[in-house]
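I opened a new notebook page for this structure. I wanted to look up its contacts and its fold, one entry at a time.

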Amino acid sequence: MRTIALLAGLLCLFACVSVSTSPVPSRHAEKPPDTSPAQVVSNYLEALKNRDFAKTYDFISSGYAANLDRKSYEINIKQGLDKYHWTLLGYQILGVQILGDQAFVLTELEVRFKPANSEEETQKKVRVQYGLTVLEKKWKISQSNCILNCVSAEDFAG
C-alpha cells in the first residue's frame with residue numbers, strides 16, 4: 001500500500017513538472033509584422049512630405065491621432081501645419097531598435113517653418129525619435145519626441 005502511494009506521488013510530481021515546463025505561448029513569440037518599423041516611419045514621413053495627411057493616418061495609432069477619426073485628423077494636422085507654414089523638406093532614418101512588440105526609429109528631419117512674429121521662414125534640421133508598437137499585427141507610430149535641435153514653443157508663440 002505504501003509503495004502504491006509513493007508511486008502515485010511520484011507520478012503526480014512528474015506530471016506536474018512536465019506540465020509546468022512545457023513552453024508557454026508568448027505574444028512576443030509571434031511573427032513580427034511584414035513591414036519594418038523603419039519602413040512605416042519612412043512611409044509616414046513621405047506622406048507628410050507630400051502633404052497627404054489622409055495617408056499619414058494609416059501609419060499611426062489612434063492615440064497618436066488624438067483619438068480623432070481620419071477626416072478630423074486630416075483637418076486638424078493640415079490647419080496646424082498651415083498656420084506656421086511648416087513643411088517637411090527631407091528626412092533620413094538614422095537608426096532602429098526593436099524590443100519585442102515595441103520599436104524606436106531615430107530620424108533627422110529637414111523642416112521649414114515661419115516662426116510667429118516673423119516675416120521670414122526658417123529652415124533647420126531636427127532629430128526626432130518615433131516610438132512604434134504592434135497594433136492589429138502592424139507597426140504603428142504611437143509617439144514621437146524631438147531630441148536634438150528642437151523647435152521651441154517660443155518659436156511658435158505670439
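**Entry 1: a charged pair by the sheet**

I began with Glu121, which is partly exposed at 42% relative accessibility. I noted the scale: buried is under 20% relative accessible area, exposed is over 50%, and partly exposed is in between, with a 1.4 Å probe and protein chains only. Glu121 forms a salt bridge with Arg112, and their closest N and O atoms are 3.1 Å apart. A salt bridge here is a side-chain nitrogen of Lys or Arg within 4 Å of a carboxyl oxygen of Asp or Glu. Arg112 is partly exposed, with a relative accessible area of 29%.

**Entry 2: ground rules**

The model is predicted: local features need pLDDT of at least 70, side-chain atom pairs count only at pLDDT 80 or more, and totals for chains, interfaces and linings use all residues. Residues are numbered from 1 along each chain as its sequence is written, and side-chain values use heavy atoms, with hydrogens and water left out.

**Entry 3: other salt bridges**

How many salt bridges does a search of the whole structure find? I got 7. One of them joins the side chains of Asp34 and Lys31 at 2.6 Å, N to O. Asp34 counts as exposed at 71% relative accessibility. Lys31 counts as exposed too, at 65%.

Next I looked up Arg127. Arg127 forms a salt bridge with Glu108, with the closest N and O atoms 3.4 Å apart. Arg127 lies in strand S3 and Glu108 in strand S2, so the pair ties together parts that are 19 residues apart in sequence. Helices (H or I, at least four residues) and strands (E, at least two) are DSSP runs, numbered from the N terminus. Arg127 is partly exposed, with a relative accessible area of 30%. Glu108 also stands opposite Arg127 of S3 in the strand pairing.

I also found a network of salt bridges that links Arg51, Lys78 and Asp82.

**Entry 4**

In what order do the strands of the open sheet stand? The 4 strands run S1-S2-S3-S4, with antiparallel pairing. S1 and S4 stand at the edges, each with a single partner strand, so one side of each has no neighbour in the sheet. Neighbouring strands are turned by 25 degrees against each other on average, direction ignored. For angles with direction, axes are lines fitted to C-alpha atoms, for helices over the stretch in contact, and run from 0 to 180 degrees between N-to-C directions.

Two strands pair if DSSP finds at least two bridges between them. I went through the pairs. S1 and S2 are joined by 11 bridges. Gly95 has Leu106 in S2 as its bridge partner. The hairpin of S1 and S2 has 2 residues between the strands, and Gly100 there takes a positive phi near 65 degrees. S2 and S3 pair over 12 bridges. S3 and S4 pair over 9 bridges. Val128 stands opposite Cys146 in S4.

H2 packs on this sheet, touching S1, S2, S3 and S4, and its direction makes about 165 degrees with that of S1. Contact means heavy atoms within 4.5 Å.

**Entry 5: helix H2**

I turned to H2, residues 37-49. H2 has 13 residues and reaches 18 Å from its first C-alpha to its last, close to the 18 Å expected at 1.5 Å a residue. The expected span is 1.5 Å times one less than the number of residues. Its buried residues include Pro37, Val41, Tyr44 and Leu48. What covers the buried residues includes helices H3 and H4, besides strands S1, S2, S3 and S4.

**Entry 6: aromatic rings**

My search of the whole structure found 3 aromatic pairs. The rings of Tyr44 and Tyr130 have centres 6.1 Å apart and planes at 65 degrees, so the pair is edge-to-face. Rings of Phe, Tyr and Trp (its six-membered ring) pair if their centres lie within 6.5 Å; planes under 30 degrees apart count as stacked, over 60 as edge-to-face and the rest as tilted. Tyr44 is buried at 5%, and Tyr130 is buried at 4%. Ring pairs link Tyr44, Tyr64 and Tyr130 into a cluster.
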